[in-house]
Amino acid sequence: DGCDIVGSKKIRIENCIFRNGDDCIAIKSLDLSSHGFAALDFTADVEDIEITGCAFVAYIGGTALEIGHELRTSSIRNIRFINCDIIGVHGYGCVFGIHNADRATVSDVLYENIRVEHYYNKLIDLKVIKSMWGKDPERGQIRNVILRNIAVAQSIYNPGYSPSLIGGYDSTHTAENILFDNFTLNGIKVTNPDQLELYMKHAKDINFK
């Protein structure tokens, strides 16, 4: 990973370039003491994180802008990715990722003024899941995500091969209130899920503006 923000509050990353083989930015909450690092219990709420003015290349795998997978706390909230350039996500990851494999409620996430030049595997991947990286027995939630002023360049290789996914785990652990506000593909405004090849499961209130 390029930068893991773990169990932290009031963090700002500005004007950086990330070129990584895995996630470029990863926001997490986890306890590393089981790996022999006794002082590294970072299972705390994460709040007020801003990533701004940065450029990203994920050239092997992983996600450019990731929240997860390890979210072993109650709350991950007020996360902002602003005025960034995704130069390329070349492997099996995605551009916009929330992978909630633990019990946290992920809420109030803003992606704003983001330009995407290249991606292949997935564009958007927001899911509550059971994963090899998760440890909590209880699943979490995803709430109140805004993607505003997002300009995505699609190549001839994307249609049919680069879906987007939004999903909860079950009917009580859902992904809800996701807003696409002036989200464009090759300059064309997205007004419905089909344009994104968007697949949904236990997802509510997915809106386009």
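E14 is partly exposed, with a relative accessible area of 41%; here buried means under 20% relative accessible area, exposed over 50%, and partly exposed in between (1.4 Å probe, protein chains only). Please keep in mind that this is a predicted model: local features need pLDDT of at least 70, side-chain atom pairs count only at pLDDT 80 or more, and totals for chains, interfaces and linings use all residues. Residues are numbered from 1 along each chain as its sequence is written, and side-chain values use heavy atoms, with hydrogens and water left out.

**Salt bridges**

E14 has R12 as a salt-bridge partner, and R12 is partly exposed too, at 49% relative accessibility. A salt bridge is a side-chain nitrogen of Lys or Arg within 4 Å of a carboxyl oxygen of Asp or Glu. The structure holds 15 of them.

| Salt bridge | N to O distance | Relative accessibility |
|---|---|---|
| E14 and R12 | 3.2 Å | E14 41%, R12 49% |
| D48 and K10 | 3.7 Å | D48 24%, K10 68% |
| K28 and E70 | 2.6 Å | K28 9%, E70 11% |

The side chains of D48 and K10 form a salt bridge that links distant parts of the chain: D48 sits in strand 6 (residues 46–52) and K10 in strand 2 (residues 9–14), 38 residues apart. Strands (E, at least two residues) are DSSP runs, numbered from the N terminus. D48 counts as partly exposed because its relative accessibility is 24%, whereas K10 counts as exposed at 68%.

K28 and E70 also form a salt bridge, and this pair joins distant parts of the chain, with K28 in strand 4 (residues 25–31) and E70 in strand 8 (residues 65–71), 42 residues apart. Salt bridges that share partners join K10, R12, E14, D48, E50 and R80 into one network.

**The largest pocket**

The largest pocket holds about 350 Å³ of space. On a 1 Å grid over the protein atoms alone, a pocket is an open set of points where a 1.4 Å probe fits, with protein on both sides within 12 Å along at least five of seven lines; lining residues have an atom within 4 Å of a point. The volume is the space filled by probe spheres set on the points, which are joined across faces, edges and corners.

Of the 17 lining residues, D22, D23, G62, E66 and H69 are the closest to the centre. Strand 8, strand 10 (94–100) and strand 12 (122–128) each supply at least two lining residues, and strand 8 gives the most, with three. The lining divides into three nonpolar, five polar and nine charged residues. Ala, Val, Leu, Ile, Met, Phe, Trp, Tyr, Cys and Pro count as nonpolar, Asp, Glu, Lys and Arg as charged, and the others, Gly among them, as polar.

**Strand pairing**

Two strands pair if DSSP finds at least two bridges between them. Strand 13 (residues 141–152) runs parallel to strand 11 (residues 105–116) over 10 bridges, with I142 as the bridge partner of V106. Nine bridges join strand 13 to strand 15 (residues 175–185), again in parallel, and I150 stands opposite F183 there.

Strand 3 (residues 17–20) pairs in the parallel sense with strand 7 (residues 55–58) over four bridges, and N20 faces A58.
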